[in-house]
Amino acid sequence: MTEPAATTAPRFRRLLVTGGAGFIGSCFVRDRLARRDGTTITVLDKLTYAGNPANLAPVEADPEQATRLRFVVGDIADAAVVAPLMTDIDAIVNFAAESHVDRSILDPEAFLRTDVMGVHVLLEAARAEKDRAARGERATAPRFLQVSTDEVYGSVDTGESHEEDPLDPRSPYSAAKAAGELFVHSYFVTYGLDTVVTRGSNTYGPYHHPEKLIPLFITNAIEDQQLPLYGDGLQRRDWLYVADHAGAIDHVLEHGVSGEIYNVPGNNERANRETVSDLLDLLGKPWSLVRLVDDRPGHDRRYAMDDSKLTGLGWANKMRFEDGLSATVDWYLENREWWRSIKSGEWDDYYRRQYGDRLAGSREAMTEAPEAAAKAKP
Ligand code: NAD
Ligand code: TDX
């Protein structure tokens, strides 16, 4: 991978990055430290099933970058852990979350704890720092960037969601994310905290936990395992490459207007069937691996967001979907140890709960073409 070019000094140089051992957070940390612009990062991560220190191995392998990274294992919902980490940072970027919709259906409480109460603990610690700044005990209050999601808008049958649209979250995951970002906004309005919120779309790329659609289907297909496609497979998602998502978050951190929310779309909207067909082609694997299984309860049919506010801020995504998907497939082919170690232990139990009955009652998916599938009503 090529290193991003060194840039001018960033506005926020000392960062607290929560969830920095996860998929998008680790990309943010790797890319920001690789810029060698003097940034120092403290990662706070609970190392849940989704957190993996191996995601930061490229940083640890570079002695200069490694000196600018400090890793703290801990919970964002633990005020005693969080408070001391806030005293000498310029900004906090909150990636930490329970992030998988299917797990939120199996166990909603964990989502309430981290995605709502954890955010509140972080906000309280930031507010205490703002009070310290007011007393002259530090120069400025920290900026707070909350990483949110397109799922807070709910299912969007036609058109595109704009930042001022009403929220309509429909899963425990998206309800928790909506509550989290509403808390963030309330701290801007009520306490004058310097906040910004990003709402990213479906992200894909290297280091993506194999519970999510693209990495699950790539890794199952590599091993000739069945691919459990929910419902009719005609749900539509807008795919955003992980480095573009992390880059957009960095851009909003630097340039976003306080109190504002920014959509971060990928502008690559496709039916799940199309995405699956593309990745099977890249792997040279047959469509017959795909099985239609019982749908996700409350499954959102489509997400799509307007990008004018973010482009107006001067951001443009770089990766084309075809290139990003191909690079992602190559990465999973070349990093089998990384995902094989995740697909073991707790994974087997999760996979049985999530897919055991579904796959037992599954049907052939017949055709890969979305139009034909819509007519065929399998
Ligand atoms: P992920 O599940 O890969 O990583 C989450 C990280 O947070 C893990 O490292 C985990 O250990 C850590 N974590 C979880 N609970 C914690 C806690 N209580 N305290 C400290 N650390 C904790 O998630 P991701 O896909 O990288 O998503 C990152 C953020 O982006 C999330 O807030 C998610 O809601 C948001 N988002 C994700 C996508 C996507 O498609 N993946 C799209 C839009 C927004
Ligand atoms: O086995 C599967 N079969 C299937 O058909 C899985 C895991 C998913 N799907 C479908 C459901 C969705 O229509 O694929 C689509 C994508 O599913 P996920 O990868 O689980 O993502 P999604 O539910 O869309 O949510 C993702 O994007 C928004 C992230 O997981 C969230 O964290 C983010 O906020």
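Trainee: Let's start with Y207: does it count as buried or exposed?

Mentor: Keep in mind that we're looking at a predicted model. Y207 sits in the loop between β7 (203–204) and α8 (213–222). The cut-off for buried is under 20% relative accessible area. Y207 has 12% relative accessibility, so it counts as buried.

Trainee: And what is phi of Y207 near?

Mentor: Y207 is a residue other than glycine, yet its phi is positive. The value is near 70°.

Trainee: Which loop holds M366?

Mentor: M366 is another one to look at for its backbone: it is not a glycine, but it has a positive phi of about 60°. To place M366, look between β14 and α15. The loop runs between β14 (363–364) and α15 (370–376).

Trainee: On to helix α1: how far apart are its end C-alpha atoms?

Mentor: Helix α1 covers residues 23–34, which makes 12 residues. The expected span takes 1.5 Å times one less than the number of residues.

Trainee: Now ligand 1: how much of its accessible area does the protein cover?

Mentor: Start with the backbone N or O atoms. One from L47 lies 3.5 Å from a ligand oxygen, one from I76 is 3.0 Å from a ligand nitrogen, and one from T203 is 2.9 Å from a ligand oxygen. On its own, ligand 1 has 840 Å² of accessible area, and the protein covers 97%.

Trainee: Which element gives the largest share of the shell around ligand 1?

Mentor: The elements giving two or more residues are α1, β5 (143–149) and α7 (172–191). The largest share is three residues, and it comes from β5.

Trainee: Last one: how many charged residues does that shell have?

Mentor: There are 29 residues around ligand 1, and I24, D45, S99, Y173 and K177 come nearest. By class, the shell has 11 nonpolar and 14 polar residues, and the charged ones number four.

Notes
Residues are numbered from 1 along each chain as its sequence is written. Chains are lettered from A and ligands numbered from 1 in the order in which they are written. This is a predicted model: local features need pLDDT of at least 70, side-chain atom pairs count only at pLDDT 80 or more; totals for chains, interfaces and linings use all residues. Side-chain values use heavy atoms; hydrogens and water are left out. Helices (H or I, at least four residues) and strands (E, at least two) are DSSP runs, numbered from the N terminus. Buried means under 20% relative accessible area, exposed over 50%, partly exposed in between (1.4 Å probe, protein chains only). A residue is near a molecule or strand if one of its heavy atoms lies within 4 Å of it. A polar contact is a pair of N or O atoms within 3.5 Å; within protein, one must be able to donate a hydrogen and the other to accept it, and residues adjacent in sequence count only if both atoms are side-chain atoms. Accessible areas come from the Shrake-Rupley method with a 1.4 Å probe; for residues, only the protein chains shown count as cover. Ala, Val, Leu, Ile, Met, Phe, Trp, Tyr, Cys and Pro count as nonpolar, Asp, Glu, Lys and Arg as charged, and the others, Gly among them, as polar.
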